Amino acid sequence: DSEVPLDTSSYNCWLNLLARTQTSTAVLQLLREMTRNGQEPDSISFNTAIAACDRESQWEQAISIFANMKRTAVKRSTV
């Protein structure tokens, strides 16, 4: 098996690519996969997902992500 495990930075690059080229659903699926694979999302991960939801006017989902960010005690930043 030659798979290289992804770290948080790698996931963030992938999230950013999906946010620019795919739907917010794809971004949220990858965010969940990231957690399942043992990588903790950081403020960049959450902000990317929130921005993807914003682009599609998915404000309820964006608020849910923000609430999850608060629950996980990730330091929030101003975007």
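These legends accompany close-up views of a predicted model.

**View 1. The largest nonpolar core, built from 19 residues.** Leu 15, Val 27, Leu 31, Phe 46, Ala 49 and Ile 65 have the most contacts inside this core. Four helices each supply at least two of its residues: helix 1 (8–21), helix 2, helix 3 (43–55) and helix 4. Helix 2 gives the largest share, with 6 residues.

**View 2. Ile 65 and its contacts.** Ile 65 is among the core residues with the most contacts. With neighbours within four places in sequence left aside, Ile 65 is in contact with Leu 28, Phe 46, Ala 49, Ile 50 and Cys 53. Two of these partners, Phe 46 and Ala 49, are also listed among the residues with the most contacts inside the core.

**View 3. The largest pocket, with a volume of about 210 Å³.** The pocket is lined by 13 residues. Closest to its centre are Leu 31, Arg 32, Thr 35, Phe 46 and Asn 68. Helix 2 (24–36) and helix 4 (59–71) are the elements that give two or more residues to the lining. By class, the lining has 6 nonpolar, 5 polar and 2 charged residues.

View 4. The sulfur of Cys 13 has its closest cysteine sulfur in Cys 53, and the distance is 19 Å. A disulfide needs sulfur atoms within 2.5 Å, so this pair is too far apart for a bond. Seen from Cys 53, the nearest cysteine sulfur is that of Cys 13, again 19 Å away. The two residues also sit in contrasting surroundings. Cys 13 is exposed, at 54% relative accessibility. Cys 53 is buried, with a relative accessible area of 0%. Cys 53 is one of the contacts of Ile 65.

**View 5. Ala 52 in helix 3.** Ala 52 has a relative accessible area of 4% and is therefore buried. Leaving aside neighbours within four places in sequence, Ala 52 is in contact with Ala 19, Ser 24 and Val 27. Ala 52 and Asn 16 are 36 residues apart in sequence, yet their C-alpha atoms are 8.9 Å apart in space.

**View 6. Asn 47, a buried residue of helix 3.** Its relative accessible area is 19%. Buried means under 20%, so Asn 47 falls within that class. From Asn 47 to Thr 25 the C-alpha to C-alpha distance is 15 Å, and the two are 22 residues apart in sequence.

**View 7. Ser 57 in the loop between helix 3 and helix 4.** Most residues other than glycine have a negative phi. Ser 57 is exposed, with 58% relative accessibility.

**View 8. Val 74 in the segment after helix 4.** Is Val 74 buried or exposed? At 13% relative accessibility, Val 74 counts as buried. Not counting residues up to four places away in sequence, Val 74 touches Pro 41, Asp 42, Ser 43, Phe 46 and Met 69. Val 74 and Met 34 are 40 residues apart in sequence, with 15 Å between their C-alpha atoms.

Definitions and conventions. Residues are numbered from 1 along each chain as its sequence is written. This is a predicted model: local features need pLDDT of at least 70, side-chain atom pairs count only at pLDDT 80 or more; totals for chains, interfaces and linings use all residues. Side-chain values use heavy atoms; hydrogens and water are left out. On a 1 Å grid over the protein atoms alone, a cavity is a set of points where a 1.4 Å probe fits but cannot get out, and a pocket is an open set with protein on both sides within 12 Å along at least five of seven lines; lining residues have an atom within 4 Å of a point. Grid points are joined across faces, edges and corners, and a volume is the space filled by probe spheres set on the points. Ala, Val, Leu, Ile, Met, Phe, Trp, Tyr, Cys and Pro count as nonpolar, Asp, Glu, Lys and Arg as charged, and the others, Gly among them, as polar. A nonpolar core is a set of buried Ala, Val, Leu, Ile, Met, Phe, Trp, Tyr and Cys residues joined through side-chain atoms within 4.5 Å. Buried means under 20% relative accessible area, exposed over 50%, partly exposed in between (1.4 Å probe, protein chains only). Contact means heavy atoms within 4.5 Å.
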